[in-house]
Amino acid sequence: MTQTKDFLLEIGSEELPSAPLDRAAAQLARLVEAGLDDAGLAHGGVRVVSTPRRLAVLVADVACATEAAHSVMRGPAAAIAFDADGNPTKAAVGFARGKGVDPADLVVREDGGKDYVFAEVDEPAVPAEQILAPLCERVIAGLDWPRSQRWGSTHERYGRPVRWICALFGDEVLDVSYADVTSGRTTRGHRVLAPGEHVVPEPSAYEAVLEDARVLGHEERAARIREGIAAVESELGVTVDTPARVFNEVVNLCEWPTVLVGRFDEEFLSVPHEIICESMLSHQRYFPTYDGDGNLTRAFIVVGNGDPACSETVVDGNERVVRARLDDAKFFFEEDLKHPLEDYLPRLETVTFQERLGTMGQKAARMEALAPAVVSEAGGTEEQRDHARRAAYLAKADLVTQAVVEFTSQQGVMGGYYAQAAGEPDEVFRAVAQHYRPRFAGDELPEGLVARAVAVADKLDTICGMFAIDEPPTGSSDPFAQRRSAIGVIHMLEDMPQASLSDLIDASLDAYADQGLSFDHGAVAQRVREFFLGRLATMAKDEGIGPDTVAAVSAASVIDPAEFFQRARALERAQVEDPELFEALAGAYARAANLADADLGCDVDESGLGDAERRLLDACVSGQAAVSAALASGDYEGALAALGALRGPIDGFFDEVMVMDDDPAVRENRLRLLNRFAAVFSGVADFGALGRGR
């Protein structure tokens with residue numbers, strides 16, 4: 001039975017930033033496991049322990065040595081390997097060198113009735129220590145940091161200066177050195193609660209030693225913080241807001257967390273809760289609390305990393321910090337309110353949207369023209385058009401207010417508060433507040449037609465402008481978030497089935513042309529439509545719609561989101577319910593399309609048609625009428641059913657008729673009939689794509 005020991009590598013450093021720490025932890029596990037596997041050293045599970053001051057990997061049941069191996073490798077034929085005098089040729093020498101043996105040690109054996117040279121190599125077992133020590137040094141150097149540091153007199157780099165290395169194989173210290181730091185069997189405890197070195201007798205005791213030294217791993221810290229937050233929620237009857245990104249950062253800021261409760265002055269509750277929460281979450285990493293009605297409360301959560309006995313002092317200090325931050329927020333808000341939102345508009349001419357696309361003031365003017373058009377397309381009222389125009393006019397004004405300059409993520413939100421304070425109608429100030437939505441995947445959409453119209457106008461203006469100056473998103477660059485904007489537009493237009501995205505693209509480009517931007521309107525519009533079609537296809541596939549179905553619907557060049565998804569879902573359902581029918585239709589369509597000659601047109605001479613040809617023509621005429629009526633009413637299931645009725649006539653046609661007749665006139669007439677048959681499908685989907693998908 002193979003003897004095994006546990007392995008530990010701990011890299012101790014100055015405090016590491018949160019996001020790079022998480023990335024390095026994932027890299028550490030991969031690098032160590034790959035290194036062990038490449039060396040042929042058997043091992044058990046690989047687990048990483050991380051804190052702000054350390055990255056450690058624990059590997060269970062590492063073999064004490066690699067397995068000895070005896071391998072026999074065949075080389076060139078003996079006749080090629082040796083000359084007439086029996087001396088090794090270049091072929092033999094090269095083969096021997098490649099296998100690490102002397103040419104004189106090659107042996108000749110028969111294999112398949114022919115003599116070949118063979119090299120026999122004995123690979124002795126390699127002690128694990130000889131593998132693990134250099135592996136540790138390679139792993140430390142191989143960790144990739146967004147920004148690394150160099151310190152002392154050496155050239156090695158790391159995310160922060162390395163202060164200690166603990167490297168153990170069983171109870172033995174591995175000889176590891178990096179940046180003038182040599183390994184030992186000690187770790188270091190919490191800076192305040194258990195400072196100094198702590199001996200680790202063996203890897204299996206590592207986490208127990210850490211806990212005695214008041215240090216917990218990532219999972220344990222996260223669990224302790226959640227337990228503390230749950231206790232506060234129960235005691236105070238509140239809900240604590242813990243955004244995942246901020247929560248994970250807080251976990252990576254401490255080694256022995258203590259959940260504490262602070263409170264800010266009641267006067268700050270008059271300030272919009274969004275900037276209070278951003279101040280606490282983004283600047284201080286505190287967690288706000290809400291009462292049962294969803295209102296912000298004075299209590300906030302602080303996660304301490306010091307001595308719990310000093311909690312009152314810690315809370316007092318954090319309350320002082322919060323008071324100063326919120327006092328700034330309150331001042332900015334009150335100063336901004338001294339002027340109506342409209343007064344800030346002239347200053348937008350000093351803010352650049354994009355160098356070639358003008359200022360934010362010009363963007364607001366284009367939105368002011370486009371937002372009412374969105375309302376009209378969606379069938380809104382004249383009042384909604386006026387509200388959309390007004391909201392678009394005011395939408396960007398808050399960018400130059402003091403609160404938004406300080407709390408940039410609250411753009412739009414603060415504008416909504418200022419518009420409300422200025423007495424704007426409900427639909428207007430809500431549209432101003434929500435027009436940046438959706439900001440990310442899963443974000444809420446703006447509420448109501450007016451807000452969505454302004455949001456569509458904003459996002460579509462950005463997309464069309466960037467395409468007009470030939471700066472679409474690339475595989476590695478999308479600084480204006482055009483893909484995310486397109487997805488947002490699609491989601492919003494799904495609820496506006498009457499709206500024509502194609503018409504809105506034209507209207508947006510017209511606004512740029514009116515501004516004086518020079519571009520080829522038709523070519524740019526087509527590229528924007530293709531861009532949206534690509535987003536629609538991706539979203540449909542993400543929804544689980546088959547790629548062949550997506551390709552078939554995309555070929556119809558439908559870009560109105562509601563129609564695209566309705567067509568795709570209807571076609572997907574139809575294929576599931578009657579796969580044989582649609583496979584046969586796809587095959588028949590492909591056959592007809594391959595034979596058809598578009599240059600001949602679809603005007604069939606009915607005078608000499610046979611029975612099978614007559615039945616197909618009649619089916620095409622009635623089918624075209626049924627398909628057109630179904631598409632006009634949005635009945636895509638009905639359109640597909642009408643296509644299904646063509647199966648019998650087209651099967652009969654191919655069974656009974658020789659399309660490529662010797663008589664040119666007969667042949668061309670039959671090709672026109674096939675053109676007529678294919679044309680019935682063209683407005684629904686590309687059934688040839690369905691055939692290819694199968």
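**View 1. The largest nonpolar core of the predicted model.** This core holds 155 residues. Phe-287, Ile-505, Phe-532 and Phe-687 are the members with the most contacts inside the core. Helix H15, spanning residues 448-468, gives the most to this core, contributing 14 residues. In soluble globular proteins, nonpolar side chains tend to be buried together.

**View 2. The surroundings of Phe-287.** Leaving aside residues up to four places away in sequence, Phe-287 touches Ile-229 as well as a set of residues that includes Val-240, Asp-241, Thr-242, Pro-243, Val-246, Phe-247 and Val-250. Leu-281, Phe-300, Ile-301 and Val-303 are also in contact with Phe-287.

**View 3. Another core, apart from the largest one.**

**View 4. Strand E3 and its burial.** Strand E3 covers residues 54-63. Eight of its ten residues are buried, so E3 is largely enclosed by the rest of the structure.

**View 5. The pairing of E1 with E3.** Strand E1 is made of residues 4-13. E1 and E3 are antiparallel and pair over eight bridges. Opposite Leu-9 stands Val-57, which belongs to E3.

**View 6. The hairpin of E2 and E3.** Which residues make up strand E2? Strand E2 consists of residues 46-51. E2 runs antiparallel to E3, and six bridges join the two strands. Val-46 has Val-59 in E3 as its bridge partner. Two residues lie between E2 and E3 in this hairpin.

Terms used:
Residues numbered from 1 in each chain as written. Predicted model: local features only at pLDDT ≥ 70, side-chain atom pairs only at ≥ 80, totals over all residues. Heavy atoms only, no water. Core = buried A, V, L, I, M, F, W, Y, C linked by side-chain atoms within 4.5 Å. Buried < 20%, exposed > 50% of the residue type's maximum accessible area, 1.4 Å probe, protein only. Helix = DSSP H or I, 4+ residues; strand = E, 2+ residues; numbered from the N terminus. Contact = heavy atoms within 4.5 Å. Pairing = 2+ DSSP bridges.
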